[in-house]
Amino acid sequence: MNTTAASCVDDTAPAELLKRGERLLEPDVYRTCLNGQPAVVKDYTRYRGTPLSPVARLLVRREARILQRLSGWKHAPALLGTMVGGLALGMEFIPGQTLSTAHSVGIEVFEQLQHALGRLHAAGITHNDLHGTNVMVSGGVPVLVDFTSAWRTTRWLPVHPVSRQLRRSDMKNLLKMRQRLTGTRPSASEAAQVADPRWVAGVRVAWKRFYRWFKA
Ligand SMILES: Nc1ncnc2c1ncn2[C@@H]1O[C@H](COP(=O)(O)OP(=O)(O)O)[C@@H](O)[C@H]1O
Ligand SMILES: [Mg+2]
């Protein structure tokens with residue numbers, strides 16, 4: 001995203017909690033002011049001094065690295081830095097609503113989102129958690145947030161079946177959101193694009209059988 005957001009005055013003003021981290025390794029997410037700029041901080045400091053702190057630091061580092069790679073792109077927030085000994089990540093605050101809470105979302109937002117996803121994948125990155133709460137809509141522009149689960153493939157891996165499956169899965173999530181919010185069903189070519197290959201269907205069936213056996 002372009003870093004042209006209005007400035008905020010007071011870095012010491014109380015932060016506004018956007019999401020409390022309740023599950024394991026979920027950060028507290030709050031809105032605050034960093035160096036006079038409206039910011040969002042993903043904060044894992046409750047893990048400080050616990051055996052999970054290296055994992056929390058790794059999550060921060062991975063997300064920061066992806067945001068750094070995407071810097072200057074209008075479909076991702078700008079990275080503002082890591083802090084508190086690597087246990088918190090600061091990024092640009094994106095004004096707007098998430099796709100989950102937006103009242104009406106036009107098909108043009110999804111056209112942009114599809115184009116953005118294509119660019120992300122072309123850069124070797126899959127988001128891997130594409131849901132309504134992880135897409136902000138700001139002035140009609142979709143902005144992807146929450147790159148915690150994102151994956152960047154090395155140069156020789158884009159053709160790897162697992163990388164292909166991750167891209168397919170991102171696209172499937174996008175088409176599901178589009179259908180839910182605009183009523184547009186996938187076209188024949190989109191459906192073919194996201195159809196699972198036989199090996200994935202096989203793995204899925206085997207996993208379901210194993211899970212049923214395990215629970216029995
Ligand atoms: N850069 C941002 N600007 C505005 N809101 C954000 C930003 N990043 C996250 N949020 C809001 O905070 C929520 C939680 O952040 P997210 O990164 O998705 O955390 P989690 O990994 O816990 O899901 C998002 O669903 C969104 O509503
Ligand atoms: Mg999220």
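In this predicted model, Val-137 stands opposite Pro-142, a residue of strand E9. The two strands E8 and E9 run antiparallel and are joined by four bridges. They belong to an open, antiparallel sheet of three strands, arranged in the order E6-E8-E9. Strand E6 (97-98) and E9 are the edge strands of this sheet, and each pairs on one side only.

Helix H2 lies across E8 and E9 and runs at about 40 degrees to E9. This helix comprises 16 residues (107-122) and spans 23 Å from its first C-alpha to its last, close to the 22 Å expected at 1.5 Å a residue. Its buried residues are Val-109, Phe-110, Leu-113, Ala-116, Leu-117, Leu-120 and His-121. Viewed down the axis of H2, the buried residues fall within an arc of 135 degrees, so they line one face of the helix. That set packs against E7, E8, E9 and helix H3 (161-182). The face of H2 turned away from the buried side carries the exposed residues Glu-111, His-115, Arg-119 and Ala-122. After H2 comes Gly-124, with a positive phi near 85 degrees.

The magnesium ion (ligand 2) is coordinated at 2.2 Å by Asn-134 (OD1) and Asp-146 (OD). These two residues, 12 residues apart, link distant parts of the chain. Asn-134 and Asp-146 are both buried. Their positions are set out below.

| Residue | Loop location |
|---|---|
| Asn-134 | between strand E7 (125-126) and strand E8 (135-138) |
| Asp-146 | between strand E9 (141-144) and strand E10 (151-152) |

A further open sheet contains five strands in the order E1-E2-E3-E5-E4, with antiparallel pairing. Strand E1 (16-19) and strand E4 (79-83) stand at its edges with a single partner strand each, so one side of each has no neighbour in the sheet. On average, and with direction ignored, neighbouring strands of this sheet are turned by 30 degrees against each other. E4 is joined by four bridges to strand E5 (residues 88-92), and the two run antiparallel. Within this pairing, Met-83 has Ala-88 of E5 as its bridge partner. Helix H1 (residues 53-69) lies across strand E3 (37-43), E4 and E5, and its direction is at about 25 degrees to E5.

Methods
Residues numbered from 1 in each chain as written. Chains lettered and ligands numbered in written order. Predicted model: local features only at pLDDT ≥ 70, side-chain atom pairs only at ≥ 80, totals over all residues. Heavy atoms only, no water. Donors = N, O, S within 2.8 Å, 3.2 Å for Na, K, Ca; no water. Buried < 20%, exposed > 50% of the residue type's maximum accessible area, 1.4 Å probe, protein only. Pairing = 2+ DSSP bridges. Axes fitted to C-alpha atoms, helices over the stretch in contact; angles between N-to-C directions. Contact = heavy atoms within 4.5 Å. Expected span 1.5 Å × (residues − 1). Arc of directions from axis to C-beta.
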